[in-house]
Amino acid sequence: MTTNLLAIINSSAPYNRNLGKESLDVALIFASFEQGVSLFFQGDGVYQLIDQQNPQKISAKDYLKTFSAFEFYDIEDIYICQESLTVRNLSESFHIDNVQVLPPETFAKHLAMHQQILRF
Amino acid sequence: MSILHLIRSSAFHRSDFEQCLSIAQSNDTIIFCDDGCYNLSHPLTTNLLAQENKLTIKVLQDHAQARAIIAPQTIEGITMEDLVSLTFTHDKVITWQ
Amino acid sequence: MDKLAVLITTPPYSNLTVTAIDYIEAALRLNVNIVGVFFYQDGALHANSNIHIASDEYQAVAKLTQLHQEFGLALHLCITAAEKRGIACDALSEGSAININPIFTVSGLGELVSLTTNSTRLVQF
């Protein structure tokens, strides 16, 4: 059971557009104002979590490495849609720890616990 | 607890509506607006209407009419004022765009 | 008391923005208390006074100006998103001519936190 104010659904792959970074900025600011924030990764958003990425190959800023600071920011509720992984033939090998892979029903249940929801 | 889902993109082009459906609960309401109106004739909607569940679908009347879309009688056409009211009769809003 | 915060992420030349503004107008007609509108991502482009939209197209900024003046609608601009999109708001903007539309309040994402905590509903467009 979470009492976090905000849930953010990340649904975009990390590089074509800037949505992942813009979402991260929102998450970090809520956390630094001590407003609880939970992160949900669904659809192509799961690509933000995949291990062994090399953004420097395409001159993209490695904003994903900031994910390792989530613990420092007390962002501890991180949920990944299992179905989105399965459909994309992805293993549960992520570049951060302490994430929870959830089937859609549980994913939805956790999401519904928040007062406000943004999606990027 | 109920969620108002704003669907703003066509499921023929993007997977937002499909992702919404994977988490929508039976007492939620789905609103088609903007290009989301094209979902009125998408198989996802047809399948949803064929099911026995309490998930409600509505469409912004002006947005459908702008696109030469005629909503089936089972789907209520609403105004922007209706949408504002629905915002407050549901616990929260998720925008799928 | 119902309190609404609105997040706009789409540019002034998008029909998606017409929906956002129509929604805000409908809320005002229904006497909903709008605690503020926050412009983020491409929504920040609304504050760029160098953007000119042909006069036979929808004038998002003119509409926002009217709502700002008539209802005191608070329009908050994410300055980081704005600077990335060519908006200069103060003398520190490295030689660029100031081109921020003065109806907008220069804010940071912290203002989005405050709008979120001060509202009962947050609606993203």
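Two strands pair if DSSP finds at least two bridges between them. Strands (E, at least two residues) and helices (H or I, at least four) are DSSP runs, numbered from the N terminus. The model is predicted: local features need pLDDT of at least 70, side-chain atom pairs count only at pLDDT 80 or more, and totals for chains, interfaces and linings use all residues. Residues are numbered from 1 along each chain as its sequence is written; chains are lettered from A and ligands numbered from 1 in the order in which they are written.

Q: How many bridges join E1 and E2 of chain A?
A: E1(A) covers residues 6–10 and E2(A) residues 37–41. The strands run parallel. Ile9(A), for one, has Phe40(A) as its bridge partner in E2(A). The number of bridges is five.

Q: Which strands of chain A stand at the edges of the sheet?
A: The open sheet has five strands in parallel pairing, in the order E4-E3-E2-E1-E5. An edge strand has a single partner, so one side of it is left without a neighbour in the sheet. These strands are E4 and E5.

Q: Which helix gives the most to the side of chain A that touches chain B?
A: Residues are in contact if their C-beta atoms, placed from the backbone, lie within 7 Å. Chain A brings 13 residues to the contact and chain B eleven. Helix H3 (104–112) and strand E5 (116–119) of chain A each give two or more. With five residues, the top contributor is H3(A).

Q: Which element supplies the largest share of the side of chain B that touches chain C?
A: Twelve residues of chain B contact 14 of chain C. Helix H4 (80–89) and strand E5 (92–96) of chain B each supply at least two. The largest share, six residues, comes from H4(B).

Definitions and conventions:
Two residues are in contact if their C-beta atoms, placed from the backbone, lie within 7 Å.
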